[in-house]
Amino acid sequence: MSANLIPLCDPDMSQAELDAVLEVLQSANITSGDTVEAFEEAFARYLGRKYAVATSSGTMGLMLVLDAYGLGPGAEVITSPHSFREIAHAISLRGAFPIFADIDYWSGCMQPAKAENKLSDKTRALLVSNVNGHPAAWTEFRELADKYKLILIEDSSEAIGSTYKNSLVGTFGDCSVFDFSQPGPLVCGQGGMVVTDDIDVYMALRRYRNHRLDERSSVVVGRAPAYNGTMSNLSAALGLVQLQRLELILERRKRTEFWYFDYVKSFEGIKDPYIGPDVTEVHWFLYIVHLGTRFSRSSRDGIIEDLIKEEIEAAAYSVPMHLQPHYFDLGYRKKDFLVTEKVADRAVALPFHAHLTEDQIAFIVGSMKDASINIGAGAEITL
């Protein structure tokens with residue numbers, strides 16, 4: 001990596017994180033134990049949930065949730081094809097069938113009415129994501145889940161700190177899943193967390209995650225083979241301090257967001273980032289610019305290539321899941337979800353972290369404007 005590269009993400013670390021990791025490194029147990037449990041307790045307390053289970057990733061967290069509810073072959077789970085994290089891969093990994101439903105054009109989140117249209121007698125759960133930090137329509141999704149007696153699973157892997165009707169994301173699902181890998185604001189190398197208020201689900205999550213030495217002969221626990229999908233004490237030490245500093249980290253990212261907004265709005269056609277009517281706080285996962293309709297997918301890719309030549313790391317948000325080969329083999333095809341494809345073809349993720357300076361953001365936005373002119377599409381960019 002060039003020393004001049006402006007990376008897409010850059011974790012916000014302090015001496016406190018270094019000290020916490022060093023303490024674990026100098027201890028007798030770096031694998032898993034008390035530090036993981038301390039992180040779980042602190043995370044449950046942060047959200048006001050009863051239980052938290054630390055995992056090796058958000059995808060592993062969702063796999064545990066599906067196992068805890070007995071969702072496998074023969075079950076259908078309705079979810080969105082539009083995501084950067086793509087933890088929804090867990091549905092297929094567990095042998096259940098992902099039924100995709102299209103998104104709302106403005107928020108990028110799955111639309112409740114479109115999800116309802118996909119229900120069948122095989123539907124067992126809804127997996128609803130807070131896409132790029134924007135909370136989904138949780139009132140409508142809870143009503144839908146209750147009406148049809150479905151399990152409501154919340155994917156908050158891109159939205160920690162955001163609120164809907166003044167409640168934090170992670171408090172709306174029967175189970176809610178987080179991921180702590182980059183580019184999110186809270187990172188611990190690699191790891192995830194599942195929260196729930198159901199004691200039976202909590203116990204099942206722990207059984208499927210791993211078996212302690214003293215549990216391996218248990219008739220009850222031993223009936224569920226475990227993934228060994230837990231988090232290490234090293235990751236937990238990092239995550240625990242990041243959680244304690246989360247408010248400061250999010251505040252610093254807000255400064256970056258403000259600078260972006262200030263520079264981007266000077267372009268013709270730019271609209272403010274969309275925030276839904278019931279959404280009370282958004283902490284963006286990435287800074288996404290939505291190109292106007294006269295941009296094509298190839299022109300979007302051309303802009304990203306030009307930014308990379310200027311040593312600015314940028315990426316597409318997203319590659320719709322239904323267009324990926326695995327889901328093509330399941331029967332999905334292009335034009336199945338027109339809103340998702342329209343949004344995904346024109347969305348560019350720009351570097352977004354607390355270490356960016358105002359001068360760098362001016363350079364990034366100026367380079368993007370130049371790139372849009374180079375590909376012959378002018379400077380207009382719209383949300």
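A polar contact is a pair of N or O atoms within 3.5 Å; within protein, one must be able to donate a hydrogen and the other to accept it, and residues adjacent in sequence count only if both atoms are side-chain atoms. This is a predicted model: local features need pLDDT of at least 70, side-chain atom pairs count only at pLDDT 80 or more, and totals for chains, interfaces and linings use all residues. Residues are numbered from 1 along each chain as its sequence is written, and side-chain values use heavy atoms, with hydrogens and water left out.

**View 1. The ends of helix α3.** Helices (H or I, at least four residues) and strands (E, at least two) are DSSP runs, numbered from the N terminus. At the start of α3, a side-chain oxygen of Ser57 lies within 3.4 Å of the backbone nitrogen of Thr59. Gly70 follows α3, with a positive phi near 70 degrees.

**View 2. Burial along α3.** Buried means under 20% relative accessible area, exposed over 50%, and partly exposed in between (1.4 Å probe, protein chains only). Nine of the 11 residues of α3 are buried. Among them are Gly58, Met60, Gly61 and Asp67.

**View 3. Helix α3 against helix α7.** The axes of α3 (residues 58-68) and α7 (residues 199-209) come within 9 Å and cross at roughly 120 degrees. Axes are lines fitted to C-alpha atoms, for helices over the stretch in contact, and angles run from 0 to 180 degrees between N-to-C directions. The angle makes α3 oblique to α7. Angles under 35 degrees count as roughly parallel, over 145 as roughly antiparallel, 65 to 115 as roughly perpendicular and the rest as oblique. From α3, the contact takes in Leu64, Val65, Asp67 and Ala68. From α7 come Val201, Ala204, Leu205, Tyr208 and Arg209. Contact means heavy atoms within 4.5 Å.

**View 4. Thr163 in strand β6.** Thr163 belongs to β6 (residues 163-164). Thr163 is buried, at 13% relative accessible area. Not counting residues up to four places away in sequence, Thr163 touches Pro135, Leu168, Val279, Thr280 and Glu281. A polar contact of 2.6 Å links the side chains of Thr163 and Thr280. His134 is 29 residues from Thr163 along the chain, with 8.5 Å between their C-alpha atoms.

**View 5. Thr139 in helix α6.** Thr139 sits in α6 (residues 138-148). Thr139 is partly exposed, with a relative accessible area of 28%. Thr139 touches Tyr164 and Lys165, not counting residues up to four places away in sequence. The C-alpha atoms of Thr139 and Tyr164 are 9.3 Å apart, at 25 residues of sequence separation.
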